[in-house]
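Subject: Structure handover

Hello,

Here is the structure for you to look over. My notes on its core, its first helix and its salt bridges follow.

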Amino acid sequence: MEQTKPKATIMDEATMERAITRIAHEILERNEGADTIALVGIVRRGATIARMLADQIEAIEGTRPQVGLLDISFYRDDVTRRLAPVLHKTEIPFNVDGKDIILVDDVLYTGRTVRSALDALMDFGRPATIQLAVMVDRGHRELPIRADYVCKNVPSSRDEDVRVCLEPLDDHVAVEIWDVETEKKPGGAA
């Protein structure tokens with residue numbers, strides 16, 4: 001039986017907007033303004049969150065940071081296991097050398113996506129710093145990676161899926177927890 005609704009909604013649209021505003025303030029405080037920063041969102045939802053952060057930073061500071069999009073498809077450590085990785089466009093229309101790059105993703109889980117993004121980003125140059133901003137940190141790290149800016153920490157089970165839903169990619173805006181469907185194995189084992 002397919003699950004039709006989330007187990008829990010942990011952030012609604014208003015809560016997410018407040019969290020984005022808070023993170024924008026934290027980024028500006030840590031970097032002493034917006035002059036040296038650029039945002040790079042990991043495609044797909046990280047890119048949407050990066051644009052949201054840029055909007056907030058511009059509203060607060062009066063200066064819009066540059067925003068780039070990063071596709072990590074061929075940098076993933078499981079790329080050989082995927083039959084046909086879905087490719088998206090990488091767009092970094094600025095020089096990353098000497099910039100304070102804020103790498104943005106939706107959910108920080110094992111750390112493998114961020115590791116892949118770091119590898120991909122370094123192919124574009126040498127930033128002064130790379131800081132990580134995420135909507136959700138759900139724990140269960142497999143690599144020594146941590147976020148500098150977190151909208152919400154969500155302790156979760158490995159049997160759960162934490163989903164960030166954003167328009168226009170989704171039909172609503174929320175952070176939800178879904179149960180992971182486990183496939184039945186031959187012999188009755190799950």
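A salt bridge here means a side-chain nitrogen of Lys or Arg within 4 Å of a carboxyl oxygen of Asp or Glu. Note that the model is predicted.

Arg141 and Asp137 meet that definition, with their closest N and O atoms 2.8 Å apart. Asp137 is buried, at 12% relative accessibility. Arg141 is partly exposed, at 26%. Elsewhere, shared partners link Lys7, Glu160 and Asp179 into one salt-bridge network.

The whole structure holds 13 salt bridges. Among them is Arg115 with Asp119, at 2.3 Å from N to O. Those two sit 4 residues apart in helix H3 (residues 112-122), so about one helical turn separates them. Another pairs Lys89 with Glu91 at 3.3 Å. Lys89 is exposed, at 56% relative accessibility, and Glu91 is partly exposed, at 36%.

The largest nonpolar core has 31 residues, and Leu53, Met135 and Val164 have the most contacts inside it. Helix H1 (13-30) is one of the elements giving two or more residues to this core. H1 gives the most, with 7 residues. Beyond its sequence neighbours within four places, Leu53 contacts Ile20, Ile23, Ala24 and Ile27, among others. A second, separate core has 20 residues, including Ala38 and Ile92.

Last, H1 itself. The helix has 18 residues and spans 26 Å from first C-alpha to last, close to the expected 26 Å. Asp12 caps its N-terminal end, with a side-chain oxygen 3.3 Å from the backbone nitrogen of Ala14. Glu32 follows H1 and has a positive phi, near 55 degrees.

Best wishes

Technical notes. Residues numbered from 1 in each chain as written. Predicted model: local features only at pLDDT ≥ 70, side-chain atom pairs only at ≥ 80, totals over all residues. Heavy atoms only, no water. Core = buried A, V, L, I, M, F, W, Y, C linked by side-chain atoms within 4.5 Å. Buried < 20%, exposed > 50% of the residue type's maximum accessible area, 1.4 Å probe, protein only. Contact = heavy atoms within 4.5 Å. Expected span 1.5 Å × (residues − 1). Polar contact = N/O pair within 3.5 Å; in protein donor to acceptor, adjacent residues only side chain to side chain.
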